[in-house]
Structures are given as C-alpha cells and as structure tokens.
Amino acid sequence: MIQYRQIHKSFDHPVLSGVDLRIDTGEMFALFGPSGTGKSVLLKTTIALITPDMGDVMIDGESVYFGDDGSLARARRKVGYVFQNAALFDSFNVFENVAMGIPEDVLKRMPRMELARRVWEAIELVNLDPIEVLEKIPSELSGGMRKRVGIARAIIGRPEILLWDEPTTGLDPINTAAVERLIVRLSDNLEVTSLVVTHDIEGGLLFCDRVAMLDQGRLRFCGTPDEFRRSGDPVVQAFQDRAAAERALDMAIEHD
Amino acid sequence: MGRGTELVFDHAGALGLLTWAMIMSVVRLKVPSREFFRQIYVMGVESLPIVFVTGALAGIVTSQQGGYQMTGAIPQYILGSLVAQTVVLEMGPVLTAIVLVGRVGARITAELGTMKVSEQIDAYHSLGRDPVVLLGTPRVLAGIVVMPILVGFANLIGILAGMVAARLDSGLGFESFLYGANLFWHSWDLFYSFTKALVFGVSIPLISVHMGFRTQGGAEGVGRTTTDAVMFMTLTILILDAMFPPLLLN
Ligand SMILES: Nc1ncnc2c1ncn2[C@@H]1O[C@H](COP(=O)(O)OP(=O)(O)OP(=O)(O)O)[C@@H](O)[C@H]1O
Ligand SMILES: [Mg+2]
C-alpha cells in the first residue's frame, strides 16, 4: 500500500500543491494528466528521488521521510521503478544492467547460474531476445528496446510495488500490448501493486482497477474507470476528448 | 549574507558531506575494485603522454629562462639547482594538476553530470545502490594514488629536459648541472612536492564528482556545469598552491 499525504513540491514554480492519494495492496492504478503536471515528480517522491517540500509518503504503513534510519532503504527495496527514459547505465551491458535490479546482498550470495537464469527470464518477459541483447550496451539498442530492458531491471528483483513512468510510450503496438500484458500479469499473479503513469488513457481505463488525474498540482479526479468515463467534471471530460482526438490523429498517421 | 558567500557555504557544506560519505565507504571497505582500477587506468596511464610533454616543456622553459637571467657573477652550475627546485617545488605539481583538471576533472564532471540528467543516478538510488560509493569514491581514491606518481614522473622528465636544454643553450655540462642540482637539494623538497600532489590529487576528483552530482538541466546543464567545474578546480589548485609556501616552506 502506498499513501501520499499532502505532497507539496515547488521548483522555480509550484508543481505539486497538496496531493493526497492512496493505492491499496495488489491494486493496479493508473495516473493520468497533461504533460508537465508533475506525474513523474510525484512518482519520484515515493522513494525520495525527489524530496517533497512538505508531506510524507507511507509504504505499507511505514513513513519514508520520517521513519527510522532504515525506512528509506526498505522502501526502495520494496519498490521497482521503471524510468520514463529507461535510465540504463551507459557503461554496463544489458546483462549487467538487468542484474543490478537484484538487491546487492542477494546478488552477492547468488550462484552464477541462478543469476544467468534470472536475467534471461526477465529479458524474455519483456519480449526481448536474450541472445541478441545480453552483450549489448545501451547505446546499441533502440529506444523501445532500452525501455524494455529498463522494465526487466525493475522487475527482476521481484518488488512488491512497481512504479511505471510511461512504460509504453515510444513502443510499437505489439510491444505496447506485450508490456500491458506483463503489467496485468505481474499484478494478477504476484499481488504486486502497480502505479502506472501513462498517456494511454484507453489502455489505463481498460486494465486498471482505479485511475486518477493530476491537474495543476492537485488530483482532479480519483475513482474507477467507469466513474472516470462518466465524470461530469468539464476538465476531466475535456482531457478525455483531447486524448481521444490525439489518438485518432495518431491512428490516422499510422494508417498513412 | 551576500549571494557569493551563500554559494561558498553551499559548496563547502556539500563538499564536506561528500568527503564524509566517501571516508565512511572506505572505512567500511565498500569501494568497488573494478571501478577503482578502471579509474587508475583512465586517470593515470592515459595521462602519461600529456604529462610527459608538459613536464619536459616545464623543464626546458625554466632552463632557458634561468640561463637568460643569470649574469656572469653567478656560477653556471647554479642553473642546475634552479631548474631542479623550480620543477620539483612548483612546475611539476602545478602544471600536472592543471593538465589533469582538463583531462580528468572535466571528464568526470561531464560523465557524472550526464548520468545525473539522464536519471542514471536516480536509478542507482532506486536500486538501493549508493552512487557516491560506486562512482565517487573510486575516482577520488584513484586520484590519490595516481597524482603523486604522475607528479614524480613530471619532475623527473622536467629535470632531465632542463638538463639537456641547459647544455644546448648555455653549454652547461651534465655533470655541472647535476652538481648544482645536488648542492641545494633537500629531501624535504620531494616531500613538499608529493604533499602538493596528494592535495591536488584529492581536490580534482572531489570537486569534479561534487559538480557532476549537482548537474541539472539536460545537455546544456552538463556543458554549463563542466565549465563551472573547470573554473572551480583551476582556482582551487592555484589558491592551494599559493597557501603552500607560508604553511610548509618555513
Ligand atoms: N529536477 C527538477 N528540477 C527542476 N524542475 C523540475 C525537475 N523535475 C521536474 N521539474 C519540473 O516539474 C514540472 C513537472 O515535471 P514532470 O516531469 O513531473 O511532468 P510530467 O507530468 O511527468 O510530464 P510528462 O508527461 O511530459 O512526462 C515541470 O515543469 C518540470 O520542469
Ligand atoms: Mg513524466
């Protein structure tokens, strides 16, 4: 369970001004919102990659910011983070990148064969060919491949909570579907809690239990996909219309 | 408090914390050896050619300048002493440091800065790894190991080049040169030279790591921070160098 409590964050301008949100264990939760509203910032505050000016995050009831010395480390261990731009380590190859997803103490004790098997498995899960990519360094991969390696790195450690920052942006339809299936499967089988930031409104509404919309530093909406579709809030409606229009435009371009 | 003062305190505080974190990682024996040896190679071995050239030129210039300024009343072999002392006490350590600012310091800042703006540093944190331990400490330790060796090398080359230049320029024989060099030689000079090397060897990677980690704002930010880091390191070297004589040469 993740609870965001009154998260405030300003850079040179206010970005988040009091976000309250609770995501239950095992839930799949989608977070929507226009570009630049602070979705990535909110995700980063979960494990103190960005420290909020005010407020706190609780993970399974334990405070990330006001807990004891080990609470941040425990939070980071529970959480797998898929970065918007993959954030692979430039100087490591794919194998080493993915292996880094296993906590340090576990990695030290793990037999080589077991490690190889785990990495292989994680790479297959994201629909990549291990033989083709394992030895490559990130600059030799396409953007979509990098993204999927980033996902493999986030899931290999078997985290209880997964934070996905636009996992499907920049992927072709086949791989988008593969990643969506993966997110659903992880949440179904393993009781993994998933918080997905996405521009793919249709996809989010289809496979998530609940959704929320961030707008101008606050949560504009939080509820089930059905409630979202039928929301009487003009801002929410306008957002959906714009998203639908963009989608139609994308399809038109693809069909050209 | 003025903005300048604030900036100085800001950097000083951050550098202090960074140094502390690095000391702790050394004490806990958590330094990754592979990265450490890679940095020794990158900072040390790959710097040898440029340090060789710099050292040689420093010796030659000192020798020429000295020869030009010496008038008839002073015995010529004094030139040996002049070259040896100037190279060992001043030119060797300082020029090597300045070269390393450009070759190593700028590279570290740009490298870590790029990792910062492309979220790789965040990725280390998210995976429960400490980027200070994994990236910072090995670079600073490598600087501590490499710099005295490079300075020793520059000193040796500088004196040899100065000796050859003295012969070609002023016709001073090798033996007279060495006689002069020995006449005023204290083993203290070498200690002084290596102390400088050590101080510079810590400062350059420490400042460049510090600046790299605080990089912000995309590719442009990396460029800006790298330039700032080079300024910061160069000034630090020159200021520290000016502090040495009153502290150690009395
Ligand atoms: N490290 C930072 N330093 C300064 N400003 C930042 C930083 N990170 C984010 N911001 C600012 O915070 C605001 C929100 O950024 P954020 O990346 O969270 O948007 P987003 O909702 O994820 O947008 P997108 O959908 O385009 O990814 C932006 O105005 C951005 O410039
Ligand atoms: Mg974002």
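Start with chains A and B together: between them there are six residue pairs in polar contact, both residues at pLDDT 80 or more. A polar contact is a pair of N or O atoms within 3.5 Å; within protein, one must be able to donate a hydrogen and the other to accept it, and residues adjacent in sequence count only if both atoms are side-chain atoms.

This is a predicted model, in which local features need pLDDT of at least 70, side-chain atom pairs count only at pLDDT 80 or more, and totals for chains, interfaces and linings use all residues. Residues are numbered from 1 along each chain as its sequence is written, chains are lettered from A and ligands numbered from 1 in the order in which they are written, and side-chain values use heavy atoms, without hydrogens and water.

Next, select A:Lys44 and B:Asp122. They form a salt bridge, with the closest N and O atoms 3.2 Å apart; the term requires a side-chain nitrogen of Lys or Arg within 4 Å of a carboxyl oxygen of Asp or Glu. The rule finds three salt bridges across this interface.

Now select the whole interface. Here 23 residues of chain A are in contact (heavy atoms within 4.5 Å) with 13 residues of chain B. Then pick out A:Arg76, A:Phe89 and A:Met100, which supply 31% of the area that chain A buries against chain B. Buried area is the accessible area (1.4 Å probe) that two parts lose on being put together, summed over both.

Finally, select the magnesium ion, ligand 2. A:Ser40 (OG) and A:Gln84 (OE1) coordinate the ion at 2.0 to 2.3 Å; donors are N, O and S atoms within 2.8 Å of the metal (3.2 Å for Na, K and Ca), and water is not among the atoms, so sites may look incomplete.
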